[in-house]
Amino acid sequence: MELSRVGFIGLGVMGRPMALRLVRAGAPVTVWNRTAAKCDELVAAGARAAADPAGVFAASDAVVLMLADERAVDEVLARGTADFPRLVAGRSVVQMGTVAPGYSQALEADVTAAGGRYVEAPVSGSRGPAESGDLVAMVAGADVNPVLPLLAPMSREVFDCGAVPQALLTKLAVNHFLITMVTGLAEAFAFAERYGLDAALLARILDAGPMASRVSRAKASKIVAADFTVEASVADVAKNARLVVRAARDRGADFPLVSTCLRLYEDALRRGRGGLDMAAVVDAVRGPR
């Protein structure tokens, strides 16, 4: 599939820069977002805004969904109504959000039965990599090759994981590591604070050592500066942690590290930190002051 007649629905923290990269790559892109003003930047860059999701599907051969959760996907697709087959028949539905693997598998069956094609393509990365086109995409589906040109402007690498829902299961494994790593980093800074250590010095030492990574540098910088401008939000990470814990329990496993992390992110949500970057979990780690 060439970069033509592409739809993009969901212009949040990740979706907006992803769609913008498609537009700048020369693809005629039709966009829609529940908050219409979020389409303005895309329109200024050359995209076309549709009045509703049906308008996106009517103008597109492939439609990317970058939505918050399963409910949002079902609403956009009018799933369970007579409009659903009219939307998806003859089109590729590229589901890039992080949803439950079982949900994705059921959605594939429904899209296929309605005459459409389904590819799940979750990505690893946050707002920065989305802006620079450095996301890592994981794809699964009966025929992923036609959508690879669509993913190229957004991704540094694309990995074929096999059949649905293997891409989402792989994404959950990636998120498992990310969540426990960043929460451990936040706990290290909370430990340092308890002893009155210099947080900036700790960040420099970590940055110089063998554990340093792009993620550790970015999140340590946020904690030191107390600047929690969102890259990946506390609310989104809490959702991902729930999906990991639920998927593990579906296989009879109970992984204590990610379960503890989930409790901390849920505490951060109760503290009103949901819209901040995931590094703000440090507030929950600190506990009562």
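Q: Is Arg16 buried, partly exposed or exposed, and what is its relative accessible area?

A: Buried means under 20% relative accessible area, exposed over 50%, and partly exposed in between (1.4 Å probe, protein chains only). Arg16 has a relative accessible area of 21% and is therefore partly exposed. This is a predicted model, in which local features need pLDDT of at least 70 and side-chain atom pairs count only at pLDDT 80 or more, while totals for chains, interfaces and linings use all residues. Residues are numbered from 1 along each chain as its sequence is written, and side-chain values use heavy atoms, with hydrogens and water left out.

Q: With which residue does Arg16 form a salt bridge?

A: Side chains of opposite charge can pair when their charged atoms come close. The term salt bridge requires a side-chain nitrogen of Lys or Arg within 4 Å of a carboxyl oxygen of Asp or Glu. Arg16 pairs in this way with Glu41, and their closest N and O atoms are 3.1 Å apart. The pair links distant parts of the chain, 25 residues apart: Arg16 belongs to helix H1 (residues 15–24) and Glu41 to helix H2 (residues 40–45). Helices here are DSSP runs (H or I, at least four residues), numbered from the N terminus. Glu41 is partly exposed, at 37% relative accessibility.

Q: How many salt bridges does this rule give?

A: The count comes to 19 salt bridges.

Q: How far apart in helix H4 are Glu75 and Arg71?

A: Glu75 and Arg71 are four residues apart in helix H4 (residues 70–77), which means that about one helical turn separates them. They form a salt bridge whose closest N and O atoms are 3.3 Å apart. Arg71 is exposed, at 63% relative accessibility, whereas Glu75 is partly exposed, with a relative accessible area of 43%.

Q: Which parts does the salt bridge between Asp283 and Arg273 tie together?

A: The side chains of Asp283 and Arg273 meet at 2.6 Å, N to O. Asp283 lies in helix H14 (residues 282–286) and Arg273 in the loop between helix H13 (256–270) and H14, so the pair ties together parts ten residues apart in sequence. Asp283 is buried, with a relative accessible area of 13%, while Arg273 is partly exposed, at 25%. Both belong to a network of salt bridges that also includes Glu193 and Arg286.

Q: Is Leu197 buried or exposed?

A: Leu197 is exposed, with a relative accessible area of 52%. Leu197 is found in the loop between helix H9 (166–194) and helix H10 (199–208).

Methods: Helices (H or I, at least four residues) and strands (E, at least two) are DSSP runs, numbered from the N terminus.
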